Amino acid sequence: MTDHIIVEQPSAYPGVQIIRFNRPEKKNAITRAMYGAMTEALNAANADPAIRATALLGTEGCFSAGNDMNDFLAAAMGGGFIQEILDFLYALVKAEKPVVSGVDGLAIGIGTTIHLHCDLTIASSRSQFRTPFVDLALVPEAGSSLVAPRLMGHQRAFALLAAGEAFSAAEAKDAGLIWKVVEPGEVDVVTLATAARLAAKPPEALRIARDLIRGDRDEIIARIDEEARHFSARLKSAEARAAFEAFMRR
């Protein structure tokens, strides 16, 4: 486990497990250890009947700036796609219980695409969603190249995933990426209250309804794997290495 991920089950919200990013000094950039801790928590929720919903939260002003660039640089210098990322994505897609996310401020890269696999996302009015994959000479990940066009339509998905355009909270809501926009100070309360309402519902009926709505997840897993193959190849490219080095010099 890592102190950069806080996992708790607060008594004020029965049945809810919170997974919170806690690396504000690095804008909650996600390390391999952080991915591992989140995977462990998601898998534990599947096995624990006392947990009926999971809430993903960041810190004030930042959900997550995406993957830790030092891990990406290490991969670019000879490694492959980071297995901890894949393990987390598999766990998120296969989560057996509702996942609700709350965003305040920055949501970059996987800090955006993670919400494609959440059941409900609440964002503050100052939130910004952006995926600068191509700007880093990379490709979309997390199954986003499959899920986003279905959710948003081709043009908005292209703007987000290929052109790297930023989406405001209002634009993200209009595109169907998030469910609700609230004021910054309300994100945690509304997110946790939403998760608690889900946790209080008949669990088996909710599970069946959720499975029917989400549909076949094998197709998403297959797309995650396909993206990862391209992503791994791009990580090792001279184009990506130059982009990473330029980013680190900023």
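**Exercises on contacts, burial and ring pairs**

Leaving out neighbours within four places in sequence, Asp119 is in contact (heavy atoms within 4.5 Å) with Lys97, Pro98, Val99, Arg210 and Arg214. This is a predicted model, in which local features need pLDDT of at least 70, side-chain atom pairs count only at pLDDT 80 or more, and totals for chains, interfaces and linings use all residues. Residues are numbered from 1 along each chain as its sequence is written, and side-chain values use heavy atoms, with hydrogens and water left out.

**Exercise 1.** Decide whether Thr31 is buried or exposed, and list what it touches.

*Step 1.* Find Thr31 in the loop that runs between strand S2 (16-21) and helix H1 (32-47).

*Step 2.* Thr31 has a relative accessible area of 15%, so it is buried.

*Step 3.* Set aside residues up to four places away in sequence; Thr31 then touches Arg23, Asp68 and Asp71.

**Exercise 2.** Work out which residues of helix H5 (residues 144-152) are buried and what covers them.

*Step 1.* Go along H5 and pick out its buried residues: Ser144, Leu146, Val147, Ala148 and Met152.

*Step 2.* Look at the cover over these residues. Helix H4 (110-113) and helix H6 (154-161) are included, and so are strand S9 (167-168), helix H7 (169-175) and helix H10 (218-235).

**Exercise 3.** Find the aromatic pairs and describe each one.

*Step 1.* Start with the rule: rings of Phe, Tyr and Trp (its six-membered ring) pair if their centres lie within 6.5 Å, and planes under 30 degrees apart count as stacked, over 60 as edge-to-face and the rest as tilted. By this rule there are two aromatic pairs.

*Step 2.* Take Phe21 and Phe63: their centres are 5.1 Å apart and their planes stand at 90 degrees, an edge-to-face pair. Phe21 belongs to strand S2 and Phe63 to strand S4 (residues 62-64), and the pair links distant parts of the chain, 42 residues apart. Phe21 and Phe63 are both buried.

*Step 3.* Turn to Tyr35 and Phe88, a tilted pair with 5.7 Å from centre to centre and 50 degrees between the planes. Tyr35 lies in helix H1 and Phe88 in helix H3 (residues 83-93), so this pair ties together parts that are 53 residues apart in sequence.

*Step 4.* Tyr35 has a relative accessible area of 1%, so it is buried. Phe88 is buried as well, because its relative accessible area is 1%.

Notes
Buried means under 20% relative accessible area, exposed over 50%, partly exposed in between (1.4 Å probe, protein chains only). Helices (H or I, at least four residues) and strands (E, at least two) are DSSP runs, numbered from the N terminus.
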